[in-house]
Amino acid sequence: MNVELMLLTVLQGLRTQILDAGMLFFTHLGDAGFIWAALTAVLLVFRRTRRVGCVLAAALLVDAVLCNLILKPLVARIRPCDILADV
């Protein structure tokens, strides 16, 4: 087992109901980039922050293309949950 999987196994041993609930909350904030899309929308509404909103929107678009369309298929790495059934 490589170091990464050993570290993942150790971290899984630290599970508690409180930590699980907290991590689920933070994990779901990032689902489909909701928090970043919401922040971008808020920044685009106000004239004073519109330029920053445009930059953030462009960054999100570049990130989506680079990460989801290019890097993920290029690397094609197996997820840890597919290797360790306990995760």
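Modeller: The largest pocket is lined by Leu8, Leu11, Gln12, Leu14, Arg15, Leu19, Asp20, Met23, Leu24 and Thr27. This is a predicted model, so to speak of local features takes pLDDT of at least 70, and side-chain atom pairs take 80 or more, while totals for chains, interfaces and linings use all residues. Residues count from 1 along each chain as its sequence is written, and side-chain values use heavy atoms, without hydrogens or water.

A pocket here is an open set of points on a 1 Å grid over the protein atoms alone, where a 1.4 Å probe fits, with protein on both sides within 12 Å along at least five of seven lines; a lining residue has an atom within 4 Å of a point. The space in the largest pocket is about 380 Å³, counted as what probe spheres set on the points fill.

Now place the lining on the chain. Two elements each give two or more residues: α1 (3-12) and α2 (17-29). Both are helices (DSSP runs of H or I, at least four residues). α2 gives the largest share, 5 residues. Leu19 and Met23 are among the lining residues that fall in the 17-29 stretch of α2. Leu8 and Leu11 also line the pocket, and they fall in the 3-12 stretch of α1.

The lining has 6 nonpolar, 2 polar and 2 charged residues.

Note on methods. Ala, Val, Leu, Ile, Met, Phe, Trp, Tyr, Cys and Pro count as nonpolar, Asp, Glu, Lys and Arg as charged, and the others, Gly among them, as polar.
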